[in-house]
Amino acid sequence: MAETTVRGRIGDKELVFSTGKLALLADGAVVASIGDTDVLVTATSSRKMREGADFFPLTVDVEERMYAVGRIPGSFFRREGRATEKATLTARLIDRPLRPSFPDGFLYETHVVATILSADLVNDYDVPALNAASAALTVSPIPFLGPLGAVKLSLSNGEWIPFPTFEELEDSVFQLVVAGKRNAAGEVDIAMVEAGATEHGHRMVDGGQPASDEETITRGLEEAKGYIGQIIDMQVELRAQVGDLKAVEFPLVEDYSPELYDRVAGIAQPKFEGLGTIIDKHERQDAEATAADEILAALEISDDDEDTLRAAKKAIRAVHKKVMRSRVVAESVRMDGRGLTDVRSIDIEVGLLGQAHGSAMFKRGETQVLNTTTLGMLRMEQMLDTIDLEESKRYMHHYNFPPFSTGETGFMRGPKRREIGHGALAEKALLPVIPPVEDFPYAYRLVSEVLMSNGSSSMASVCGSSLSLMDAGVPIEAPVAGIAMGLIEQDGRYVTLTDILGAEDHLGDMDFKVAGTRDMITALQLDTKIESLPAEVLVQAMAQAREARHHILDKMAEALPGPREELAENAPKIEAIEIPKDKIGEVIGPKGKTIRELEEETGATIEIDDEGIVRVGAADTASMELARERILAIGFPPEANVGETYEGEVVNITKFGAFVNILPGRDGLLHISKMGGGKRIEKVEDVLALGDKVSVLVREIDDRGKVSLDLAEGVQLVDDDTPSSGDGGRSERREGDRGRDRGRDRDRRGRGRDRDRGRDDRRESTPNRTVVSFEDEFEKGL
C-alpha cells in the first residue's frame with residue numbers, strides 16, 4: 001500500500017493526514033500532523049463476535065510517549081505507566097462522538113489506539129487525535145457512519161481562533177471543542193461539544209474582554225461547522241485516494257424481529273401508560289420491573305428459549321422508551337410528574353464536617369453530593385509527569401461515585417474513566433473563579449463524594465464545590481452552578497428538558513451540561529445520540545439552562561451569600577512575602593541551615609522561590625507573625641547608626657578580622673588591628689571565637705553599606721600585661737622561632753629565605769609600592 005497524504009489549511013494552521021506507511025496490519029491507520037505534533041491512530045475490529053454479546057465493546061486508548069518531547073519518564077521504572085489524566089480525558093473526548101457513529105447491531109470488539117509520536121509543545125494533540133481516529137475508521141473496512149470532523153476554537157478579544165496554540169490559549173477567555181458530521185442534506189450537524197473557560201478567563205472578562213455567554217458560544221458553534229466541513233472533506237479525499245479496500249463481512253445483530261416487537265407492544269404499551277408518574281426512583285423502578293414481569297408472563301415464552309427471552313426483554317425496554325418519550329412530547333409531562341423546565345427541590349447545608357477546611361452538602365431531588373475543600377501550602381500541588389506544557393497544578397478536583405449511590409453493589413478499585421472525567425469537568429467549571437496565586441497562595445484539593453445519584457451528579461458537584469470553597473473562606477470571584485439538560489426528538493419535534501433524571505438521560509437523545517456564573521459560562525459538555533441537531537435547538541437549550549442556573553445560584557445564595565470573611569480556623573494561614581533576590585541565600589542559609597532554624601523556632605512552614613517570593617504557612621497567627629518578622633528582618637535588615645554601640649555575636653572569622661552580627665541581617669567587620677587595644681594580634685582566633693558575644697561601636701558605614709566596627713569603650717580582648725609587638729618578650733619569642741627553623745633554612749640552602757628577603761627589600765625600595773586598603777580586605781572577606 002503506497003503512502004497517501006492529504007493537506008488542508010484550517011485558519012492559519014496546516015492539518016495533514018497520511019496513511020499507508022505505518023501500522024499496516026491494523027484495519028486502519030492514520031497519522032495526523034499539525035506543526036511538529038504527530039499522532040498515530042489505529043482502528044482494529046475483531047472478526048468474531050463475543051458469545052452472548054448484547055452491547056458494542058468499543059475501547060479507546062491514548063498512549064503518551066515521553067520520547068515525543070525528548071524526555072525520559074520521571075517514574076522509578078523510567079517508563080510510561082498508567083495513563084495520565086490528560087490521556088484519559090483525550091480518550092473520552094474521542095470515544096464520545098465515535099460510539100454513536102456505528103450501525104445498530106454492530107457488536108464486534110473494536111479498539112482505537114492513539115499513540116503520541118511527537119509533541120512540539122506548541123500545538124495540542126487532543127483534537128488532531130480525534131480527527132485521526134475518524135480518518136483511520138474511514139479508510140478501514142470497519143462499518144463506520146462517518147467521517148467525523150472536530151475543531152478546537154479559542155475566544156480571544158471576541159474572535160474565535162481555530163486550532164489555537166498553547167500561547168494563543170494564554171490570551172483567550174474560553175476554548176471550545178466541537179465535533180460533527182454531515183447529514184443527508186450535506187449540512188454539518190453537531191455531535192459533541194467540550195468547552196470551558198481558561199484559568200484566567202473570568203479575570204480577562206472583568207478586564208474588558210467579551211464574555212463567553214450564550215450568544216457568543218452559539219456564534220462559535222456556527223463558525224466551527226465550517227471548519228468541521230473542511231476536515232470531513234479531507235478525510236473523504238484521503239479515502240478516495242486509498243482506493244478499494246478488502247471486503248470484510250461484519251454481520252449485524254438484530255435485537256428483535258418486527259413481529260416480536262408488535263406482539264410485545266400490544267401488551268406492554270397500556271401497562272406502561274398506566275404507570276403514570278412516580279417521583280421516587282426505587283418505587284418507579286419496582287413498578288417498571290413488575291410490569292415487565294407481567295408482560296413476559298403474558299408472552300408465554302418458554303424458559304428454555306433464552307434467545308427469544310433476551311429479545312423480548314429488549315423489545316419491552318424499547319416500548320417503555322417510546323411510551324415515555326411520547327408522553328413528554330405530547331403532554332409535556334415527565335416520568336416524575338415535573339414540567340419541562342422544572343428544577344427538582346434543592347436542599348443545601350454548609351459546614352457539616354468539623355475537621356474539613358470547608359464542606360457543603362448539595363441535594364437536588366434524589367441526587368446528593370458532599371463536597372469538601374482542603375487547603376495546603378503550594379508544595380502540595382500536584383506534580384505532573386506528562387508531555388504537556390503544564391508541569392504542576394494547584395487546583396485538584398476528585399470525584400467519587402460509589403455503587404451505593406445508585407442503590408447497587410459493585411467493586412471499588414480506584415477511579416474509573418467516568419469518575420476522572422466528571423472530576424475534570426467540575427475542575428474546569430471552577431478553575432476560572434479561583435483567586436490567582438499572587439492573591440491567595442494556596443493549593444486546593446476538592447473532593448466530591450456522590451452519596452445519591454439520579455441525574456447529573458457532576459453538576460451537583462459543581463454547586464457543592466462552590467459552596468465548600470466559600471465555607472472555607474476562599475475568596476472565589478463568583479459562585480458557579482451547573483445544570484444538566486436533556487432532549488427528546490420525535491416526529492421532527494424537539495423538546496428540551498431541564499434537570500434530567502438518570503432514566504431521562506438514558507431514554508433521551510441528548511446530555512447537555514452547562515456550568516457558569518451569572519454572567520458567563522465556565523464549562524459546557526454536549527453529547528447527542530441523534531444525527532441531526534439544529535443549531536436553534538442548542539440555542540433554546542442554553543437559554544433554558546441559563547434560567548435554571550440562575551435559579552440554583554439564588555438557592556445557593558440563600559444558604560451562603562459569599563465567601564466567609566475569615567479563613568477556616570483549622571486551615572493553614574499562608575502569607576506571601578517578597579524579599580530582594582540577593583537576600584534569598586541569607587534566608588536559606590548554608591545548606592538550608594537558616595530556613596530550618598526558622599521553621600523549628602517558629603513552628604511555621606516556609607517556601608521560597610527564585611523570584612524572592614517567600615510563602616509562610618502556619619497553623620496559628622502567632623507562629624505566622626513570628627516567622628514573618630524574622631524573614632523581613634533578614635530580607636530588609638534594619639540600618640545601623642554610626643556612633644552607636646551594639647551587643648553583637650561573632651558569626652565569621654577571617655585572617656583580617658571578625659564579622660560581628662549587630663542587627664538581624666546586618667553584620668559589620670571588626671578588623672584585627674582593632675582588637676588588641678594598641679597591641680599586635682597575630683591571629684583573630686587568639687582573642688575571639690565563633691559565637692562569642694562582644695560589644696562594638698559602629699565607626700563607619702561606606703556608600704555600599706559596609707559597616708566598620710571598633711570595640712566599644714571599656715572592652716578589652718587582650719590583657720594589659722600582655723607584651724606588645726615591640727617589647728623584649730615578643731622579640732625573644734620570634735627569635736626562638738627563628739632558631740627552631742634555622743636547620744630547615746640551611747637544608748634549603750637559604751633559597752627560600754633569601755628569595756623572601758630580596759622580595760621584601762624590593763618592596764621597601766620601590767617608591768610605587770602597592771598598598772592594600774581596608775575596603776579591599778573587607779571585600780575579600782565577603
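Before I place anything, a note to myself: helices (H or I, at least four residues) and strands (E, at least two) are DSSP runs, numbered from the N terminus.

**Ground rules**

I'm looking at a predicted model, where local features need pLDDT of at least 70, side-chain atom pairs count only at pLDDT 80 or more, and totals for chains, interfaces and linings use all residues. Residues are numbered from 1 along each chain as its sequence is written, and side-chain values use heavy atoms, with hydrogens and water left out.

**Entry: Glu566**

I looked up Glu566 and found it in the loop between α12 (535-559) and β22 (573-578). Is Glu566 buried or exposed? Its relative accessibility is 62%, so I put Glu566 down as exposed (buried means under 20% relative accessible area, exposed over 50%, partly exposed in between, with a 1.4 Å probe and protein chains only). Leaving out residues up to four places away in sequence, Glu566 touches Ala472 and Gly473, where contact means heavy atoms within 4.5 Å. Glu566 and Gly473 sit 93 residues apart in sequence, yet their C-alpha atoms are 5.7 Å apart in space.

**Entry: helix pairs**

Two packed helices are described by the angle between their axes and the distance between the axes. The axes are lines fitted to C-alpha atoms, for helices over the stretch in contact, and angles run from 0 to 180 degrees between N-to-C directions.

I began with α1 (residues 85-98) and α2 (residues 126-138), whose axes come within 10 Å and cross at roughly 40°. That makes α1 oblique to α2 (under 35 degrees is roughly parallel, over 145 roughly antiparallel, 65 to 115 roughly perpendicular, the rest oblique). The crossing of α1 and α2 is right-handed; a crossing is right-handed if the near helix is turned clockwise from the far one by less than a right angle, and left-handed if anticlockwise. I noted eight nonpolar, one polar and two charged residues in the contact of α1 with α2 (Ala, Val, Leu, Ile, Met, Phe, Trp, Tyr, Cys and Pro count as nonpolar, Asp, Glu, Lys and Arg as charged, and the others, Gly among them, as polar).

Then I checked α14 (residues 593-602) against α15 (residues 621-635): their axes come within 9 Å and cross at roughly 150°. That makes α14 roughly antiparallel to α15. From α14, Thr594, Leu598, Glu601 and Thr602 make the contact, and among their partners in α15 are Leu626, Arg630 and Ile634. By class I get five nonpolar, three polar and two charged residues for α14 with α15.

**Entry: aromatic rings**

How many aromatic pairs does the structure hold? I have 14 in my notes, with rings of Phe, Tyr and Trp (its six-membered ring) pairing if their centres lie within 6.5 Å; planes under 30 degrees apart are stacked, over 60 edge-to-face and the rest tilted. Phe106 and Tyr108 form a tilted pair, 5.5 Å centre to centre with 40° between the planes. Both Phe106 and Tyr108 are buried. Ring pairs also link these two with Phe56, Phe102, Phe144 and Phe250 into a cluster.

Most residues other than glycine have a negative phi, and most peptide bonds are trans. The bond from Gly146 to Pro147 is cis, with omega near 5°, and Pro147 is in the loop between α2 and β7 (149-156). Ser332 isn't a glycine but has a positive phi of about 55°; I find Ser332 in the loop between α8 (306-331) and β11 (346-350). Ser332 is partly exposed, with a relative accessible area of 30%. Lys591 has a positive phi too, near 55°, and lies in the loop between α13 (584-588) and α14. At 82% relative accessibility, I count Lys591 as exposed.
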